[in-house]
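Here are a few exercises to work through with the model open beside you. Try each one before you read its solution.

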Amino acid sequence: MVTLLLARPESCYGRNMFGSPVDFSFRELNTVSDMLSDEPNPGTRPLKRDSEQKILSATLRLNNNFLSDLTGLMDTLSTLYAEPTRLAWLDISFNEFQHIHPVLTQLKELRLLYLHGNRICKLSEVDKLAVLPFLHTITLHGNPIVTERDYRAHLIGTLPHVKMIDFSAVTKQERELTSVWQRSRNPHKSMSHSKVD
């Protein structure tokens, strides 16, 4: 049994920190702003809204669309969500992304990020996410980068708080091996010098 430790277990969304998911999956969206002219898929629980009719949720599902970038994401979130910067769970899997868009670094509360089934080719793209202090779950399987040598080690070394990669737990042994791997890639120069009399 896996227990997730979250920084704020209670929130304005009730006992469930994430609230009901805002689900725009399978909507044939080409841009994130397309959400503004569409309604989210109905869920098992109705979406909660504030007095301004903005959504009270920290989850967004944009999976299985035709998105290739996230231009306009923050403006769109600000229009739809009561607290857009508190987005904690973002599913943008099965789209057309080749790069990790820098706008994701503005989502400082992001904890779960699903990017699987896209077209991300460069392992260095993941480096952008190192600034997210709470990111503990990421999926990237189904992207070309998973064939890169040291794929998991790179993610573990780059994302210090990650606990799950591609739905597989990061083990203590993997962390230790990653530490050794990082030291072997960046050997420290010897600080000991011979004294000359």
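For the first exercise you need one cut-off: a polar contact is a pair of N or O atoms within 3.5 Å, where one must be able to donate a hydrogen and the other to accept it. Keep in mind that this is a predicted model.

**Exercise 1.** Work out where Asn 143 sits and which backbone oxygens its side chain reaches.

*Solution.* Start with the chain: Asn 143 belongs to the loop that links strand E5 (137-139) to helix H2 (151-158). Next, check its cover: its relative accessibility is 3%, so Asn 143 counts as buried. Now look at the polar atoms of its side chain. One lies 2.8 Å from the backbone oxygen of Leu 140, and the backbone oxygen of Leu 115 is 3.0 Å from a polar atom of that side chain. Finally, skip neighbours within four places in sequence, and the contacts of Asn 143 are Leu 115, His 116, Gly 117, Asn 118, Arg 119 and Ile 120.

**Exercise 2.** Decide how many residues of H2 are buried, and find what covers them.

*Solution.* Count first: 6 of the 8 residues in H2 are buried. Then name them: Tyr 151, Ala 153, His 154, Leu 155, Ile 156 and Thr 158. Their cover includes E5, strand E6 (164-165) and helix H3 (172-185).

**Exercise 3.** Trace the sheet and explain why E1 and E7 are its edges.

*Solution.* Read off the order, E1-E2-E3-E4-E5-E6-E7, in an open sheet of 7 strands with mixed pairing. Strands E1 (22-23) and E7 (168-169) each have a single partner strand, so one side of each lacks a neighbour in the sheet. At the E1 end, 2 bridges join E1 to strand E2 (residues 59-61), and the two run parallel. Asp 23 has Arg 61 in E2 as its bridge partner.

Note on methods. Residues numbered from 1 in each chain as written. Predicted model: local features only at pLDDT ≥ 70, side-chain atom pairs only at ≥ 80, totals over all residues. Heavy atoms only, no water. Helix = DSSP H or I, 4+ residues; strand = E, 2+ residues; numbered from the N terminus. Buried < 20%, exposed > 50% of the residue type's maximum accessible area, 1.4 Å probe, protein only. Contact = heavy atoms within 4.5 Å. Pairing = 2+ DSSP bridges.
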